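Good morning, and thank you for coming.

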Amino acid sequence: MNQLIISAATEGEKGTNPLVPNIWEMGVVLVGFAVLLYIVVKFVVPMFEKTFAERAEAIEGGIAKAEAAQAEASAALEEYKQQLTDARAEANRIREEARAEGAQILADLKAKAAAESARITEQAHAAIESERQAAVVSLRSEVGTLATTLAGRIVGEALTDDERAARVVDRFLADLETQSAGAAK
Amino acid sequence: MIALALPAQDSGSFTPPGIDEMHLPAILPWGAHDGFSKQMLLVILSVVIIATFFILAARKQQLVPGKLQFAGEMAYGFVRNSIAKDIIGGKDFIKYVPLLFSLFFFILVNNIYGAIPVIQLPSFSHVGGAYVLAGIVFFTWIAIGVKKNGLKYFKLATVPSGIPWYILLIVVPIEIISNFLVRPVTHSLRLFATMLAGHLIVMLAGSGIEFLVMQENVLLKGASVLVLVGAIAMYMLEALIMALQAYVFTLLTAIYIEGALHADSH
């Protein structure tokens, strides 16, 4: 290598020493690199960075969207659960009410039945009383006639003898009983 | 191509191609100098190739990328994440992505030219372009350091903390030389030298094969196959180095920027 450089140097002229640059080539590289750097700064890097950023955003946006959907779903689930518990409470309440109402109705019916039975008893009493009254009235009228009849008989038999009179009265009463028993039948 | 034809003209002795064959005749000569060279055309072409590819790839901006957009995003994401984000880090790394991205693909395309059969000339086998790029990087990281830390930056970059004064007498000159003098030189020459050497090897192998094939002796003719096998291996290695140098240059740029940003913690 050294020899080559020396031989090139002795040959002279035309900058054959490899370490001596060609000014024009340096200029071309400088300008060319500057143009490339400008294009890269102005277009290439922003375009790639924009794409990268958009891609990252799209991925993150997708994740955010999924998270939102999940939150929405869990909120809906929570709501359904809430509604379910509400419905259960409502059903319980209605059942309680129905039970209370049933008890109320039962109590009412019992009271009504008791009142009815009391009324019927009352009516029966009244009927018995009225019949007794009627019996008393009819008895009173009949007793008059009977007494008159009895008296006639006694008088007819001779009113003197007390013993006889008693016999007559007994017989009369026995007649009366058989009569009333026959009437009852 | 012309270089390869030269040695075959005299079949008596083998003259290896040298540095002079790096300078192809100008496409469009002007002035005293070389005029418009093949390198210049290739550099301009590289700008067109890179800009066209990435604008086409980025233009559609679909959330679910197509093949072209996916390839573009892979390439962009490689520089953005594997170099800028991993080395510089923090929230500020995005500011330096355009520079690193441009550097990486500018160097990559200009290097890969050397592996493409008809073109077969890495642009940075001429040192000028490497000087320019290293110079841009050099002034960029100094500007970043000064902007971030003020003029105190030069002290931070050259005076390590926690070292006794008598050692500082030695360390400070070393730091100044290594950071502000050697760094841009190695940065540019690393790229240039690997490309020049790779190109020379390819030329040497080509002319050697041609020379051997032209020989009368059958054994010597047959030996050209061995050179061909070696040349293919070297070609593969060169292709690897071309990509690797683009990565190394960009990675070092990121490291320099990171060092300038966090000078106070070094």
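What percentage of the 185 residues in chain A do buried residues make up? The figure is 8%, where a residue counts as buried if 20 or more other C-beta atoms, placed from the backbone, lie within 10 Å of its own, as exposed if 12 or fewer do, and as partly exposed in between. Please bear in mind that this is a predicted model, in which local features need pLDDT of at least 70 and side-chain atom pairs count only at pLDDT 80 or more, while totals for chains, interfaces and linings use all residues. Residues are numbered from 1 along each chain as its sequence is written, and chains are lettered from A and ligands numbered from 1 in the order in which they are written.

Let me begin with the two chains. Chain A has three helices and zero strands; helices (H or I, at least four residues) and strands (E, at least two) are DSSP runs, numbered from the N terminus. Chain B comes to eight helices and zero strands. In chain B, buried residues make up 36% of the 266 residues. Of the contacts in chain B between residues at least 6 apart in sequence, 63% join residues at least 24 apart; two residues are in contact if their C-beta atoms, placed from the backbone, lie within 7 Å.

I turn to the interface. The contact draws 31 residues from chain A and 36 residues from chain B. On the chain A side, helix H1 (2-11) and helix H2 (23-157) are the elements that give two or more residues. H2(A) supplies the largest share of that side, 24 residues. By class, the chain A side has 23 nonpolar, four polar and four charged residues. Here Ala, Val, Leu, Ile, Met, Phe, Trp, Tyr, Cys and Pro count as nonpolar, Asp, Glu, Lys and Arg as charged, and the others, Gly among them, as polar.

Finally, the helix packing in chain B. The axes of H7(B) and H8(B) come within 9 Å and cross at roughly 165°; axes are lines fitted to C-alpha atoms, for helices over the stretch in contact, and angles run from 0 to 180 degrees between N-to-C directions. H7(B) and H8(B) are therefore roughly antiparallel to each other, given that angles under 35 degrees count as roughly parallel, over 145 as roughly antiparallel, 65 to 115 as roughly perpendicular and the rest as oblique. Their contact divides into 17 nonpolar, seven polar and two charged residues.

How do H5(B) and H8(B) pack, and at what angle? Their axes are 8 Å apart and the angle is about 20°, which makes H5(B) roughly parallel to H8(B). Among the residues making this contact are Trp141(B) of H5(B) and Ile257(B) of H8(B).
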